[in-house]
Structures are given as structure tokens and as C-alpha cells.
Amino acid sequence: MYQIVSKKSLNPTVTQMEILAPFVAKKALPGQFIILRASEDGERIPLTIAGYDREKGTVTIIFQIVGASTETLNHKKVGEFIPDFVGPLGRPTHTDGLKKVCVVGGGVGCAIALPVARALHAQGAEVTSIIGFRNKDLVILEEEFKACSNDFYMMTDDGSYGRQGNVCVPLNELLAKGEQFDEVITIGPLIMMKFVCAATKPYGVKTIASMNPIMIDGTGMCGGCRLTVGGQMKFACVDGPEFDGHEIDFDEAMSRSRTYADFEAHEREETCNLFKKEVQ
Amino acid sequence: MAAKFNMNPLKNPMPAQDPEIRNGNFEEVALGYTAEMAIDEAKRCIGCKNRPCVAACHVNIKIPEFIAKVAEGDFEGAYQIIAEDSSLPAVCGRVCPQETQCEGKCTRGIKAGCEAVGIGRLERFVADWHNANCNVQPVPAPANGHKVAVVGSGPAGLTCAGDLAKMGYDVTVFEALHVAGGVLVYGIPEFRLPKAIVQKEVDNLKALGVKVETNMVIGRVITIEELKEEYGFEAVFIGSGAGLPKFMNIPGESLKGVYSANEFLTRSNLMKAYKPDSHTPIQHGKCVAVVGGGNVAMDAARTAKRLGAEVHIVYRRGEEELPARREEIEHAKEEGIIFDLLTNPTRILPTETDNPRDPSYGWVNGIECIRMELGEPDESGRRSPKAVAGSEFIIPVDCVIMSLGTSPNPLLKATTPGLETLRRGEIAVDEVGKTSIEGVYCGGDAATGAATVIKAMGAGKIAAKAIDEYIQSK
């Protein structure tokens, strides 16, 4: 059993939790993920690691409430336990030797982009951060990003905060005026990552995208997380989760990510109703 | 007085759920012998001198001796004889391919028209009788002060852990998933091997003093080297299995509705997706093609059937070549699984719409296959299948399950410097399971590639003995 040691609501649909998991905290690196179950009969949810404290033995996760399982997790209180928390899984982000990097995060993906930006900043790299949200209410981790960025851009789709537009707007401007990045690292919705990769491709800037497909075990066993990268089948759990964005078949990944969309919508509704009943 | 031997040429049939009823539920198919049936069947063993059955068993259970006890009605006595050599009798009685092992060599089954003694059925009866009637907890052996780590809690790991614990070792089993049991839990369905039986075997090990740590992906969270250097384990046994699924590399394998058998079975078995209230989804296909002819293919096909589908087994060779256990093939046929033999998929076809916003976009809509014919036998002795030109046809399916075998998980190879592997990723071992690293042993599918439960148990047993010798000689 793994105890929840802190919990914070970052916005109405995104929650941050710190989980006591010393074995995981000891080995975790930016870019890796964990799998948890929020209840004894719950599904296995993969979440990318948002932070870790080796001294305290804790791992930070940030999740969006999208389905029944994340809804259940969000109802857990500080001091309570979750039954399963396994990791670190996948390969860590490759940051060695990078001197000038652009980190592009979207929505809850910013939670995963942050430790990458921090690690790069800590090794002395020049970090440009571009983060985007649908609107002002959904903005998370602004101060944290500013603290580890040499250059910072805040974007909202509706212009209610920062600049109006998506993350590709400043990225395109920077590339057009000749900024030379060693690498662009992008984490966020599939559609956003697809467009980020399309933006960098003409400039030949190496672009890494962090994928979070459907998976069960996270150790290479189920093959549910398979992606087509450079025409080859890859498993996100063991070969990734980060891949060369210019090689990823995003359309296929987007289609596969919707496999259980109907089931999930129904499940979430059922779970919400259950919690509503509890409140009454 | 009853006759000493039962000279009936045929086995007592196994009572089973009616096929038309069981293909709609997940309860166990075979119901097991009654005591009367077991005694009657046991009397078919003539206690022949050669005992070919014993040599044909990977763990060399003293089969004639245990059967003699059953014939006497001493079921606990029979159990104790089996337990000397096997740590998972309730499992093996259900899932061993007896027809190619003990029963395949039985003297009673040599003559045409005669069947072997039902050794597997008797083993199952004895183990179930013991579990139902005997509540004596196993007693831990006196501790010898040596620590051994076991990676993986499938049949190889559980057997190795049990044998070492009985010798007094302080054994910790590390399991990557959230429950122990490995393939017995995630792979083999409830209707063939009830999970309560596996849990009972794991509980027995815990009673022997074995510690089971779930959620531990060895290689990532702790490396093999750290187990030895930092955590003080004097030896490590790797029983990490062959979990990596294979695909065919044909067009359409990334469509929604295409599963590896591993994923389909893991969803159903481990995550209980077959239950209506499960939080883990699984596709309830209308028409499902399962590609492959092994036990896993039969398990996947019968699971899909129980979820309400019309199911086709698509296999490139013929009936004779089907690698699955005979009983599974018979059960599958009885349950209404359609066998499309000498048939090989060429591509999986998508739904027609090109619009990604259409909810029906990107799903399986059919599987194109080609007819095969068998040529001359190859080096393996099996007749190799060849495609019949121009014979392509389409089976209209909405779900495809690829059951083409699995290869060893590459994680330990990737994270353990100096661990030598063979061509297909199998960990290289000698005859007692010793790897290229001192104090590190391996057995089961991780060393052999996908094989059987009993073969893995045999390897776990041999390695336990080798580990004991290694530690005692230090």
C-alpha cells in the first residue's frame, strides 16, 4: 500500500499528489512513468512522473480527471492509501549534451514537461518554455516553469491569459527568426504534438514527443501501447515513452487512443453518480 | 471383493459443464472426478515395471505410487507422494499436456483403441481433495540464514521459491504485476484454471515463509546486480517468462480491434474485464478471428466466445499440426469455435470511412486470408505450409486476436550487464540453469522461449537444487 502524503488541486480538473513510494523515488528520472491502481478492483493507470524526492521517498503525479479511475483517485484524501504503485517504467528523457532546448507543453502535459525543463536547466542548458492551455482557469505550473526557463511563453486558446493562440504560434516565430535549438521536446495532447512536429520538421530540428497510449502492464507484455514509428512497430512502455516526433504516425495513435472512448465516458458517468450519492 | 484391476480400455470420462451452457459463462469447464470415479480410474493402472510415465514427467512425480494410494482410497497419502516432487499439483492436473508427457508413455495406452490411465485427472482429483479436506498449514523449515531472490512469480519462480524455502532459505519473490502467479493469473482463463487455486498455492508458499513483493519490476526498480550487492541476496533466480507478444507484420495490425492474445487475456483474466462491473474495458466482438493454433489461441478463442462472439481460429497448418493440448481443441470445438485451418491472414481490413472524426473510423472490418497447402516435411519434421496462389478470401470480423507466440521479455537483458542471451532473446543457461553471471540462475520460458507450465516447474526445481549447492559450497 502506498500513502498519499500531499494533495493539491491545480485547477478544477487537474490534481497533484505526492505518493510515498521509496523504491520508485530512489530510481525515478524525468520522462519515466508509473502505473497505479486507485482501488482494489481498479484499472491500471499509466501516469508520467511529474517529480520525485529521493530523501522523502515520494513521487509526485499530476493527473487530469478524465475517467472513472482518475475520478476515484481524485476522491482519495491525504493520509489514505492506494493499493498499487509500480515504476519507474520506460526510458528516461535523454538530456545529455543538450545546450539549447525548447520545451513545449500543453494542458496537463505541462506537468510532465516541467521536470524535463528543470533537469535541462539544472545541467546548464538554455531553456525556452512554451506552455499552452484552453483558457485561464486551466493554467497550471506557471511560476514553476518561469523559474527554470530563460525564455517563457504562455498561450491560451481563447486569449483569456497570456497570448492568444496555440503553442505553435511562438514556436513558428522563433524558428522563422532563426533560433537554433538542439532539440524541441513536446508533451501534451496528441494533436498538439502532431502540429509541433510538423512545425519543426521543415527546419530539421530534432523533436522528441512523449507518448501516453493505452497500456496495461507497462513491461512489454500486452502490446496495447504499440505505435508506428518510422514504419516500425514500437511499444511505448519499453521502447519509449519518448520517440522521434518526425517518425511517429500520429493519426494512427490518435485513432487508437479512442478505442475505449465510449466505455470510458459511460464509466465516468456511473462513478460520478456514485460519488454524488455518497455526498447526499 | 472388488477386482484388483479395472481392465476397461477407455478412461473414465471427465464430467464437464454442458458445452452450450459453459460457452456463456466463465466457470470451470471440467468438474473433476468423484471419489468413486477416481478409485475406479486408479485401478486401471497396472503398476508396470518400466514406469515410463515417471520419466516422461518434467518433475518425475512418482505416478504409480500415488495412483496406488488413490486405488486404496488413501487420498491424503496420494497427495503427500505427489507433493514430494511437485509444488503445484492442482495446477498441473489441469493444464499439463499429459497426452505428450506421462499419459503419452502409459503402458495402458499403447495398443490401438486403448487409452492411457487418466493421470492428469487423478492428479487434479488428489490435489482438490487435499485442498478441500486438509487444513494443515505447511510448517516453515528451520532457517539456514541465506537469502535468495526470485524474479517472477509464475510456475518457474513459485516452484524454485517453494523448494528453496523447504530447504530453509529466506526467499523473496519479486513480481512486476499487482498479483502473484504470472501466466497462471494473467494468461490462463478462469474457466480452465480458477484463480482461487493459484492463490491457494501462493498462500501455501507464504506459509512456508516465502515473501512475495508485488509491483516490483526488477531491472527498473532494483537491478539484478543491486539485489546481490545492496540487498544481500546470495543468489538470484530469474523466472521472468516469455511475455513479449509477436505480431505478423501485415497491414492493419494497428487498427482498433486488433489485440495480442496477451492483451486480450490479461484484460479478461488479470483485470476481470469479463465481469460486467469491471473498470477495465474489453471489446465484445460480434465476430472474432484468433490467429494461431496453440493453447493460448484456444484460451483467447474460448474467452471471446464467452463474451458473445462468433469465433474463428485461423491457423496456417492442418488439424494434426495444431500445437494446443488435445483436450482444449476438443473443448473449443464442442463450444462452437469454427476452425479455419490451412488458412493464413494476409492483411486486416479497416472500416470504410476516411474521416477520423467518424466514430467508426480505424476499426477492424475484416481479415483477408489465403488458403494454404502442406508441402514436404521440413527439418523440424512438420510439413511446411505454402500459399495457394489466387485463393484469397475475406472473413468479415470486427476483432482480431494475434496468438503467434511470445518471446522472452528483453528488460532484464537490457538492464543486466554481462547477462548473455541467445538469438531470440532467451537467457543463456547451462543444464542446471546457471547463467553467465555468478550466482544468477534462470529457468522456464525466460530461458527456453514459450513452453509449458510443467517444463518451467521442472526448470525451477533443478535450479533450486543448483542454487543450494552453489550457496553451500561458498
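1. The charged end of Lys147(B) sits over the ring of Phe233(B), 4.5 Å from its centre. A charge is taken to sit over a ring if NZ of Lys or CZ of Arg is within 6 Å of the ring centre and within 35 degrees of the ring normal. Arg306(B) likewise has its charged end over a ring, that of Phe191(B), at 3.8 Å from the centre.

2. This is a predicted model, in which local features need pLDDT of at least 70 and side-chain atom pairs count only at pLDDT 80 or more, while totals for chains, interfaces and linings use all residues. Residues are numbered from 1 along each chain as its sequence is written, chains are lettered from A and ligands numbered from 1 in the order in which they are written, and side-chain values use heavy atoms, with hydrogens and water left out.

3. Over all chains, the whole structure holds 10 aromatic pairs. Rings of Phe, Tyr and Trp (its six-membered ring) pair if their centres lie within 6.5 Å; planes under 30 degrees apart count as stacked, over 60 as edge-to-face and the rest as tilted.

4. One of these pairs is formed by Phe26(B) and Phe191(B), which is tilted because the planes stand at 50°, with the centres 6.1 Å apart. Phe26(B) lies in the loop between helix 1 and helix 2 of chain B and Phe191(B) in the loop between helix 9 (183–186) and helix 10 (195–207), so the pair ties together parts 165 residues apart in sequence. Helices (H or I, at least four residues) are DSSP runs, numbered from the N terminus. Phe26(B) is buried at 11% relative accessible area, and Phe191(B) is buried at 1%. Buried means under 20% relative accessible area, exposed over 50%, and partly exposed in between (1.4 Å probe, protein chains only). Ring pairs also join Phe26(B), Phe191(B) and Tyr274(B) into a cluster.

5. Phe5(B), Met7(B) and Ile46(B) make a nonpolar surface patch of about 270 Å². Such patches consist of residues with over 30% relative accessible area and no salt bridge, nonpolar side chains (Val, Leu, Ile, Met, Phe, Trp, Tyr) being joined within 5 Å; a salt bridge is a side-chain nitrogen of Lys or Arg within 4 Å of a carboxyl oxygen of Asp or Glu. Accessible areas come from the Shrake-Rupley method with a 1.4 Å probe. Phe5(B), in the segment before helix 1 (19–22) of chain B, is partly exposed at 35% relative accessibility. Ile46(B) is partly exposed at 33% and lies in the loop between helix 2 (35–42) and helix 3 (52–55) of chain B.

Conventions
Patches are made of residues with over 30% relative accessible area and no salt bridge: like charges are joined within 9 Å, nonpolar side chains (Val, Leu, Ile, Met, Phe, Trp, Tyr) within 5 Å. Helices (H or I, at least four residues) and strands (E, at least two) are DSSP runs, numbered from the N terminus.
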